[in-house]
Amino acid sequence: MRNAANDKIAKEPIFFERNRVGRVYRGGHLFGGFFGDDGSDGYLPEEWVASAVKALNKVSAGPKEGVSRIKGTDIYFDELIENYKEELLGGREKLDVLVKMLDSAERLPVQAHPNKAFSRVHFNSEYGKAESWIVVGVRPDAHIFFGFNREITVGELNDSLDKSIDKADHFGHFLNKVSVKPGDVFFIPANCIHAIGPGCMILEVMEPSDFTISPEHWCGDYRLNEYEMFIGLDKDTALSVFDLKNTVGPEFLAKNTISPKVIENTAGVKRETLIDDKVTECFYVNRITVSGGTAVLSNAPSIHIVTDGSGEIIGDGYIKPVSKGDYFFMPAAANGKFSITGNCEVYECLPGK
């Protein structure tokens, strides 16, 4: 698969075809104003951004569901990485980050994700699924659920699961409910109970896995099957993912509500760190705001998504317009060789240590 055309692709910003992924919840309306979609809600509420990860859907749209395809080609990103690992990733073995955009029309199922230790034992994977949420857009009464508002027992968790067969919400009364607005940032550690509420368009940056435990029988009018709830695990093993002691109360919520820190503020360019190594070593997120200046893209390998405005990516003999909804991958071989100009907001998503 190495040839002159692909050699060129591996040394420049890489753009992708759209990559909508099926989920059990409805959404997608706010994608109309962000990506230019038709703006209807349905069961394709997520766009997986520059993804090399396969979705773990029981009924799959195909063997590459979730994996991005290079724009204008039939090449999938995981295949390009396999053949151009040094050019794309530098000294890394894998792209240790997954980025999604999602838009929720209804509350997602209550869920938690495993940590690395659990994943090694039960999924033969080095990745858990710590994640971060950056609120990009909202509908009226947008909110999230994040952590317990009091300590509960395993028995209460099981009881709520069993009662959820009647479609009622048996979890909300012991979860922290948080109203959200654009610009809010949260870190969701592994093992933490959470659920994105209705009306949230969120940039989700996480470890590169799709491991999710959802102890509810229904999401709106969709009935979850056992695989969608427990992803092949027995119920007791699956529920052991939930940390019932350390993800509780206002202190936990405050600790994981993130305030951006300015790391550069020069003529026409402002850089802020949102998720850094003081929050997690799994992945990092920066925000670049360009206001007539020129920002060098010098943290490759990295995934970038333009969330507002427009500009141009420039390099030696290279120029490409970008605007809200565009996203691209910066190969390690391109590090420091390209810049972005104009008036735009760009999130830079980086693999961790």
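1. Which strands and which helix each supply at least two residues of the lining of the largest pocket? In this predicted model, they are strand E4 (98-103), strand E5 (131-138), strand E9 (194-196) and helix H7 (226-230).

2. The space in that largest pocket comes to about 520 Å³. Its lining counts 32 residues, and the closest to the pocket centre are Gly 22, Arg 23, Val 24, Asn 57 and Glu 228. Sorted by class, 14 lining residues are nonpolar, 10 are charged and eight are polar.

3. Six strands make an open sheet, ordered E2-E3-E4-E10-E5-E8, with antiparallel pairing. Strand E2 (20-21) and strand E8 (185-188) are the edges; each has a single partner strand, so one side of each has no neighbour in the sheet. Strands of a sheet pair through backbone hydrogen bonds, in either a parallel or an antiparallel manner.

4. Strand E10 sits between E4 and E5 in the sheet order. Six bridges join E10 to E4, and the two run antiparallel. In this pairing, Leu 98 stands opposite Met 206 of E10.

5. Is strand E10 (residues 200-206) largely enclosed or left open? Seven of its seven residues are buried, so the strand is largely enclosed by the rest of the structure. In a regular strand, side chains alternate between the two faces of the sheet. In E10, Cys 200, Ile 202, Glu 204 and Met 206 point one way, while Met 201, Leu 203 and Val 205 point the other way. All of these residues are buried, Glu 204 included.

6. Ile 134 stands opposite Val 185 of E8. Strand E5 (131-138) also supplies at least two residues to the lining of the largest pocket, as does strand E4 (98-103).

7. Strand E16 pairs elsewhere. Six bridges connect E16 to strand E17 (residues 318-323), and the two run antiparallel. Glu 312 stands opposite Pro 321 in E17. The hairpin of E16 and E17 has two residues between the strands, and Gly 317 takes a positive phi near 75°.

8. His 304 lies in strand E16 (residues 302-315). Is His 304 buried or exposed? The relative accessible area of His 304 is 0%, so this residue is buried, the cut-off being under 20%.

9. What does the side chain of His 304 make a polar contact with? The partner is the side chain of Ser 302, at 2.9 Å. Leaving aside residues up to four places away in sequence, His 304 touches Leu 297, Asp 326, Tyr 327, Phe 328, Met 330, Val 346, Tyr 347 and Glu 348.

Terms used:
Residues numbered from 1 in each chain as written. Predicted model: local features only at pLDDT ≥ 70, side-chain atom pairs only at ≥ 80, totals over all residues. Heavy atoms only, no water. 1 Å grid on protein atoms, 1.4 Å probe; cavity = no way out; pocket = protein on both sides within 12 Å on 5 of 7 lines; lining within 4 Å. Points joined across faces, edges and corners; volume = space filled by probe spheres on them. Helix = DSSP H or I, 4+ residues; strand = E, 2+ residues; numbered from the N terminus. Nonpolar A, V, L, I, M, F, W, Y, C, P; charged D, E, K, R; others polar. Pairing = 2+ DSSP bridges. Buried < 20%, exposed > 50% of the residue type's maximum accessible area, 1.4 Å probe, protein only. Polar contact = N/O pair within 3.5 Å; in protein donor to acceptor, adjacent residues only side chain to side chain. Contact = heavy atoms within 4.5 Å.
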